[in-house]
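Look through the structure below before reading on. The paragraphs after it start from the whole chain and then turn to its parts.

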Amino acid sequence: MTDLPTMTDNEDPSVVNNGAQSSLSQLTKLKRWQWWTLVVINICFLLIGQVVAVILGRFYYDQGGNSTWLATLIQTIGFPILFIPYFLFPSSKKSSNTSSTSVSLPVLFLIYLVIGVLIAGDNMLYSVGLLYLSASTYSLICATQLAFNAIFSYFINSQKFTALIFNSVVVLTLSASLLAINDDSDKPNGVTSRKYVLGFVATLSASALYAFLLSIMQVTFQKVLKKETFSVVLELQIYTSFFATCVSLVGLFASGEWRTLGGEMGGFGKGGAAYVMTLVWTAVAWQVCSVGVVGLIFVVSSLFSNVISTLSLALTPLAAVVVFHDEMNGVKVIAMLMGLWGFSTYIYQNYLDDEKAKRISADATGAVLSEASTPLLLE
């Protein structure tokens, strides 16, 4: 799953930056309620898709699945689904094709290839983490991606680092630290303490790599592609997912795990049909999540998209308690509350930035109207 920005975080939703002014002209014509409708729909896609994907991923392991390369492949192999929204916006596609002519095909190929390989590696780390951790612990650790995103955005993208964002980074770091010293009493059956630590480190590393990818993609759009239309964002998602899928397929066959898939399906706890459906719907859920991510990036910003993604990770432990009866001990409850607090401070900072942008916009509009009316008064 990839992510990238289309708007600075202190801009009003109707305000377009200079680099993407023409590509976002359709958004500026939307009424406020229409804009909020798009936001809500994409939030639902992201939340439902990510929660369902994580729950099904843990279900795959619980019922006898053991292939981490297959779990990695499933996260991107459903990318053809993204062609549905891509072809539903022909006008956007036209503008994106025009913008792509300024970038040579070898450069685009290299960008998509490198990002795709990094995505495959990131997905592999996530798969290892989910193999050795319960769904609730896994999701709470993944919430640290917001802290990593703030850090990488500060150093790579010159994102401002306010007191509220710093508070969020500290709180989320402490939340992950609590899980690191947890007694891991709810670890999956057969998982040793050493494997639990491996799962923790893999998930934390995946969260850091994912945040790094977000910052790299922001640089890619600002410095290389220089266009952020809906179709261009989808193109990046589609092509990088294609290369990530190719890498995952190579890993699946090179590791020899493909030989065990027949036995996996036969020994799956709920039966062969359930095995296939679990994999199919996991792939679909990840792509539904991707549509929500891309939609929020386009109509709001990458930071907001990442914040909502983090919120879904905070909701997943509750779903895990219902589906898998994961134990929610005191340490986990405190870690989840701290994660929600870190999320809330990020949201509040966005609110403050939005209000500031509205005041600046109103002042600028008033100044323009004042200058326009001055000659009339003189006459």
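Among contacts (heavy atoms within 4.5 Å) in the protein chain between residues at least 6 apart in sequence, 85% join residues at least 24 apart. The model is predicted, so local features need pLDDT of at least 70 and side-chain atom pairs count only at pLDDT 80 or more, while totals for chains, interfaces and linings use all residues. Residues are numbered from 1 along each chain as its sequence is written, and side-chain values use heavy atoms, with hydrogens and water left out.

The protein chain has 15 helices and 0 strands; these are DSSP runs, with helices (H or I) of at least four residues and strands (E) of at least two, numbered from the N terminus. Of its 379 residues, 53% are buried, meaning under 20% relative accessible area with a 1.4 Å probe, protein chains only.

Some buried residues form nonpolar cores, which are sets of buried Ala, Val, Leu, Ile, Met, Phe, Trp, Tyr and Cys residues joined through side-chain atoms within 4.5 Å. The largest has 45 residues, and Tyr60, Leu70, Tyr138 and Tyr275 touch the most other members. Helices that each supply at least two residues of this core include H3 (68-74) and H7 (135-142). H2 gives the most, with 7 residues. Leaving aside neighbours within four places in sequence, Tyr275 is in contact with Tyr60, Leu70, Leu261, Glu264, Met265 and Phe268. A second, separate core of 38 residues includes Val103, Phe243, Phe298 and Phe304.

Notes
Buried < 20%, exposed > 50% of the residue type's maximum accessible area, 1.4 Å probe, protein only.
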